[in-house]
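Visitor: Hello! Could you show me around this structure and let me ask a few things along the way?

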Amino acid sequence: MKRFEIKRWAIYIAAITAISISSCKKYIYLEPEDATYDQVFWVSGTNVEKALSGAYGLLRSALTDSRSHFIFGDFVMPEFVRGSDYWNYADLSFDGKNHFSYAPYLEGSVWDWTRFYGLINQCHLIVENTAKIDESKFTGGNEQKKHLLGQAYFLRAYTYFYITRVWGDAVLTKESVKDPNNVQPIARSKDEEVLSYCIEDLLKAIDNLQPNNATGSSASYAGREAAQALLAHVYAWQHDYTNTKKYCDLVINSGYALEPIETYKNIWLGYSDEAIFQIQMKYNASSNEATSEFFNVFLFNPVVNKSVNSAWKADDNTLYNYFYLDTDDRYDQIFIEGQGGTMLTKYANINYYNPNRTDLYVVDNNLVLLRLADIYLLKAEACLKLKDEAGTISAVNMVRERANATKLEDGEPIDMETVYEERVREMYGEGCLAYDNIRMRLTNPDYAGNLPEPYTADRVALKGYLWPLNMRKLLPQDPLLTQNEWWKNH
Amino acid sequence: MATPSFKKPITLQNLTWNKSNQLNVGFDLTLFKNKVNLITDVYRRYNTNPIVSFPFPFFTGYTNVVYNAPMKTLNEGVEVQLRTRNLAEKSKLQWNTNIVFSYNKNRISELPNGDRSFFLDSYGYNQQLIYTVGAPLNGWAQMQYAGVYNNVNEVPVNPFTGQRLTYFKGNNPVNAGYPKWIDVNKDWDVWSDEDKGEQYGDLIATGDPNPKFTGGVYNEFFYKKFSLGIQCTYTFGRDIINTFDANQFAGVWNFGNTPYDVARFRLPDIGSLNYWSPVKAADPNYRADFPSLSPYGPNYYQFSSFSTMWNENGNYFKIASVSLGYLLPEKWLSSIGLKNGRIYSVIDNIYSFQNSKVPDAELVSPQGEYRGTSYPRPRKYTLGVEITF
């Protein structure tokens, strides 16, 4: 026993001595071991590209976090019926009267915008530092430098616009944090100020970016058309329809084409001329950009081995209302009958890292954020507001023609509901109908006496369509922060 | 892809040691020709600006900062050292006693963000730590466990709705065999309710992991060439949580990670446990000591240390070591040219008196959890020879 003790001690002492002798030098010179830092990072175009793909990655994680992109954009509308596993989503749903202030276990994503500010700070860093790097450090010279810069402007605008649509009145920062010792609280800015900052960024982006259609670049990287399409959306959000129409036309005339209905689902597979801007989430054996944990909310048996209780099936009543009365080839393209309900299959391209392990699937699709059909319908909306009903009919008919649906006839009586209904049919499950509802109906004076469920005039006046903020967590970080008006007492 | 690590704490250049500001009053007393010697020290110490990780303003993109937080804790206490020589100077047997006693009271006196109270999670899914001015550092906030509902008639019923009390956001109407949790806020559901924006829900401040009294007692005896020393240490007035047992039970009956948890924690021993079961409860006089352990039962985290079920008294008194020595006679030594020689033996970690069921009430984290992750202290026998040339 005793000999063993001594031996063990001897080993300890030897080990400690060995560690301290060898480590002395190493720990005197403190340098980050696995992380880079500003002075050595912002020196070349290659590194700016890395920072930019970091920014795209941050956008992807911000949108996929708790599937918040689909919660904000679709779940709150009567598009889907939640499976029983989503018991904690009950209040958020249309049936729960969009009671956004009860979101158990989702507080960190639907009430918290912190993740979007990481992305904004990343864009600030790219914008501030790229300007300082000489154009000779870019393989593509000044053109490439401008194109990278333009993407950062675009992403910053995209993020602020996203925040505006979800929570409203963003806390507006215009530069990266310089002195962490001295961070002053910032109050929220009005939407007008935030959106004019978005517009400023997008105009710069349009100046700097190459058109993707000219360079043949993938829609996973923003090109000039993406900035124009986003700008059209920003103007529409402000109900500035003259400018909306102007930028819609620029996009429509820039060389995109609607995907034929036979290959409709290519839009979400990444091989389509219709996608203007998308988040890369395709399967790649050597990367982990594809995941099962985002799109699979729409999927269940037999597409993946999962019960309908763990999915959102499409709401049959809604489908009946929007698709029943007409022939429409979109329905058969994007909906199938699954076990226990109707399934949306825009994102149902299943793939496997290991074909022998079919339980470990990924959904091999892209998340399309801007596409041509969306811009046609935005133009239709703008024309309607500008009293150009022929323009509306022709834009809606572009989309209906592709779907082999009955076209609107010239002079047929149309209203905003005509355009909205077309949007429901076209944009189902793409994270945008909730915003369309706010823009086209809730904040449209024409609907004042006839607000869609569950909204009341009071609730709209106090912007009860926005999401509440997690004041318990965020207020201590920013004493000037205020809660959204409606959620102060609802 | 390259981004700053927004989730790791942003670091600052100007971190410094935390400071403490101490007021001491000392008092020394020597009595009876040095036979009794008393040293007392009364102190009041403010520890300021500890280095901690704190949430950083969201609009910077970073989520955490490590900094000298504008936070103050107050420690007040007494330290007493009493040394006595208990027997007459002439006596052949000599007995000296050395008692060390210290009392400390720990309170938070200032917090960042205008003294606003806040919660922090401790160790995974466990109890929350509550920081509030006037309360001790690392105090716990938990739901109160008050035994087991032996039959369904004992469960309170809401007189307005006729519904039984529920646990976990109304999802689990309380049944026989459920733990009895106290509905502090009287909303007929027992839960922490952070989702409803409530600060406390049914949580209340429960335990204080900071020991009130600590110290030691050392007795030494000399008789001729023999010497005997006995060292004892003690800690009183501390609450601890048996997180280890909690994880054993929660792992199997709440999270169902059985193979993984068996590997980590072993299966809990339920043989000696008087847990509720429908068969036993058929007897109307039956009283269970532990909630039902049905593998098909509902999961509302009832076995985690979310409630006070696993809180234990952390007091202990330990016989830390006994040493026995014998001075070798000089006659023998001088013949081989040595000046001094002594043979001794020491036994460490002999016995511990404690209330708690954990293997060693001393091996707990600063937050008071016994996690079962550190090695138990071995009992150690040492035999030695000491020589001076």
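Predicted model: local features only at pLDDT ≥ 70, side-chain atom pairs only at ≥ 80, totals over all residues.

Visitor: Which residue in β12(B) is the bridge partner of B:Thr166?

Guide: Strand β11 of chain B covers residues 166-167, and two bridges join it to β12(B) in the antiparallel sense. Across from B:Thr166, the bridge partner in β12(B) is B:Pro173.

Visitor: Is helix α4 of chain A largely enclosed or open?

Guide: Let's look at its residues: A:Ser68, A:Phe70 and A:Asp74 are among the buried ones. These buried residues of α4(A) pack against several elements of chain A, including α3 (45-64), α7 (141-166) and α17 (433-442). Eight of the eight residues of α4(A) are buried, so this helix is largely enclosed.

Visitor: How do α16(A) and α17(A) run, roughly parallel or roughly antiparallel?

Guide: The axes of these two helices of chain A come within 11 Å and cross at roughly 175°. Angles over 145 degrees count as roughly antiparallel. That makes the arrangement of α16(A) and α17(A) roughly antiparallel.

Visitor: How many charged residues are in the contact of α16(A) with α17(A)?

Guide: A:Met416 and A:Arg423 are among the residues of α16(A) that meet α17(A), whose side includes A:Leu433 and A:Asp436. By class, the contact has seven nonpolar residues and no polar ones, and the charged residues number three.

Methods:
Residues numbered from 1 in each chain as written. Chains lettered and ligands numbered in written order. Pairing = 2+ DSSP bridges. Helix = DSSP H or I, 4+ residues; strand = E, 2+ residues; numbered from the N terminus. Buried ≥ 20, exposed ≤ 12 C-beta atoms within 10 Å, placed from the backbone. Contact = placed C-beta atoms within 7 Å. Axes fitted to C-alpha atoms, helices over the stretch in contact; angles between N-to-C directions. Parallel < 35°, antiparallel > 145°, perpendicular 65-115°, else oblique. Nonpolar A, V, L, I, M, F, W, Y, C, P; charged D, E, K, R; others polar.
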